[in-house]
Amino acid sequence: MAFPLLSLIVFIPAAGAAVVMLLRSDETVRWAALAFTLLDVALAIAMLSGFNTGSSEMQFVEKHPWVPELGITFALGVDGISALFVFLTALLGWVSVLASWVAIDRKVKQFMVCLLAMQTLMLGVFTALDLFLFYVCWEAMLIPMYLIIGVWGGGGRVYAAFKFFLYTLAGSLLFLIGVIVLYFEGGRTFDILALMALDLPFDVQSWLFFAFLVAFAVKVPMVPLHTWLPDAHVQAPTAGSIILAGVLLKMGAYGFLRFSLPMLPEASVYYSTLMMALSALAIVYGGLLALAQDDLKKLVAYSSISHMGFVTLGIFALNPLGLQGSILQMFNHGVTTGALFLFVGLIYERTHTRSIADYGGLMKVAPVYTGCLALFVLSSMALPGTNAFVGELLVLSGGFAANLTLGAVAVLGALLSAAYLLGMYRKVALGPATVGARFKVRDVNGRELVAILPLAVFVLWVGFYPKPFLAIIDSSVTHLLQQVHDRGNGP
């Protein structure tokens, strides 16, 4: 019997949640949560180390009967599309525990249980090879995130939590209908790999495409289904924002890659221009909204809408450059935007304000903080030498090849990104020195640096040497495009 590496990666956080529930001391709870998330990171690194980059097949596959009467199995596996996201989820779970060390000072045990349960469910989404298992994890993760926002969030947390829950639940109900249709069309099976081989009529594909589109677009989020995101980010605690931006938004784009393209190839090709147009709209609209913000968290939240637009643009360019860039950019966005929310949380702990107008001259009182922040700001605006430059370059190359006009519109979003990010950094770090007089601000400490440094490493690693990351992606992208183009010739 093969070593159940993926099961361990998925369930180690759940085991951690069970252990944490038995502990009494808040300090012990924090250390236990940190230990379990660090173990998960180690196992995810082991998974990447053993990953065969030359194969497009599912790897580390585990399959066990679950409800055989209904064709439901407990099946896990990863390929080049999902492997990086498994590692990203494990890494950001560990960072989130460190980010919550001081910020969460009440009901610490309950918070860590929610965080660890959330991590298991997110890992389940990225590793599931059974559609029923995927849907259970996809839907169940709403509960811990709802609690994280609703219990440990800011003053408007209840409203934001309900809005997040209702938007995502509405999308998930359409997804459930699509799952049921696929189950019967596929001969009563939930096997994702078997369902990818289905040859559905175009009218069925078209209906399913839009059912899936709503569910995935809410998660991404795509305009106009994005309005829950700023409220959720502003009210969520720092760890909640890191998980939202770093992992949850990727699940919508992952849904397009795992379901829409391989299972509905004709519809994906037919509606690709529409999807690219919606992506270009999100890039520009999100950038304009970010440019108008005075709240640090809202600025980063709206920037996420813009940057995720590049991801969906690359996916529906339906060419190797676009798809490779979109997957790499999903990983990059998780690292960079997760780090930006971490920095917002760190300064909020010190000042209890997120208004950009309240800051100025931060570099004089917190030089390490502002120096590290500069790296992630430059990454978010895709400066050469940073991770996002590689991803955006590939996406824009694929976008221009697929549609010159929409590719040109996307470039405008990159210019807006430079405007709002540099404007924010100038006011916060380099403006008149007002921070020292108004707030008692200290620089980052050792624990905070431990959370920051791994993210900084990936910004520079992917920026200067992206080959290992692209090697993981390449074979699966080639196989996926072959599936789409072989069967996606239109109605």
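Helices here are DSSP runs of H or I with at least four residues, numbered from the N terminus. On that numbering, helix H14 (296-317), H15, helix H17 (367-380) and H19 each supply at least two residues of the lining of the largest cavity. The model is predicted. It holds 3 cavities of 30 Å³ or more, and its largest pocket has a volume of about 470 Å³.

**Largest cavity**
- The volume of the largest cavity is about 80 Å³.
- Its lining consists of Leu296, Val300, Leu340, Phe343, Val344, Ile347, Leu362, Tyr369, Leu373, Met424 and Val428.
- H15 accounts for the largest share of this lining, 4 residues.
- By class, the lining of the largest cavity has 11 nonpolar residues, with no polar and no charged ones.

**Second largest cavity**
- His307, Gln329, Asn332, His333, Thr336, Thr337, Ser379, Ser380 and Ala388 line the second largest cavity.
- At least two lining residues come from each of H15 and H17, and H15 gives the most, with 5 residues.
- The lining of the second largest cavity divides into 1 nonpolar, 8 polar and no charged residues, whereas the lining of the largest cavity has 11 nonpolar and no polar residues.

**Largest pocket**
- The largest pocket is lined by 20 residues, of which Ala103, Trp152, Gly153, Pro237 and Tyr348 are the closest to its centre.
- Helix H10 (228-235) and helix H15 (320-351) are the elements that give two or more residues to the lining of the largest pocket.
- H15 gives the most to the pocket lining, with 4 residues.
- The pocket lining comprises 9 nonpolar, 6 polar and 5 charged residues.

**Packing of H18 and H19**
- Helix H18 (residues 387-402) and helix H19 (residues 404-430) have axes that come within 6 Å and cross at roughly 150 degrees.
- Angles over 145 degrees count as roughly antiparallel, and H18 and H19 are therefore roughly antiparallel to each other.
- The crossing of H18 past H19 is left-handed.
- On the H18 side the contact involves Glu392, Leu396, Gly399, Phe400 and Ala402, which meet Leu404, Gly407, Ala408, Ala410, Val411 and Ala414 in H19.
- By class, this contact of H18 with H19 has 8 nonpolar, 2 polar and 1 charged residues.

Note on methods:
Residues numbered from 1 in each chain as written. Predicted model: local features only at pLDDT ≥ 70, side-chain atom pairs only at ≥ 80, totals over all residues. Heavy atoms only, no water. Axes fitted to C-alpha atoms, helices over the stretch in contact; angles between N-to-C directions. Parallel < 35°, antiparallel > 145°, perpendicular 65-115°, else oblique. Left-handed = near helix turned anticlockwise from the far one by under 90°. Contact = heavy atoms within 4.5 Å. Nonpolar A, V, L, I, M, F, W, Y, C, P; charged D, E, K, R; others polar. 1 Å grid on protein atoms, 1.4 Å probe; cavity = no way out; pocket = protein on both sides within 12 Å on 5 of 7 lines; lining within 4 Å. Points joined across faces, edges and corners; volume = space filled by probe spheres on them.
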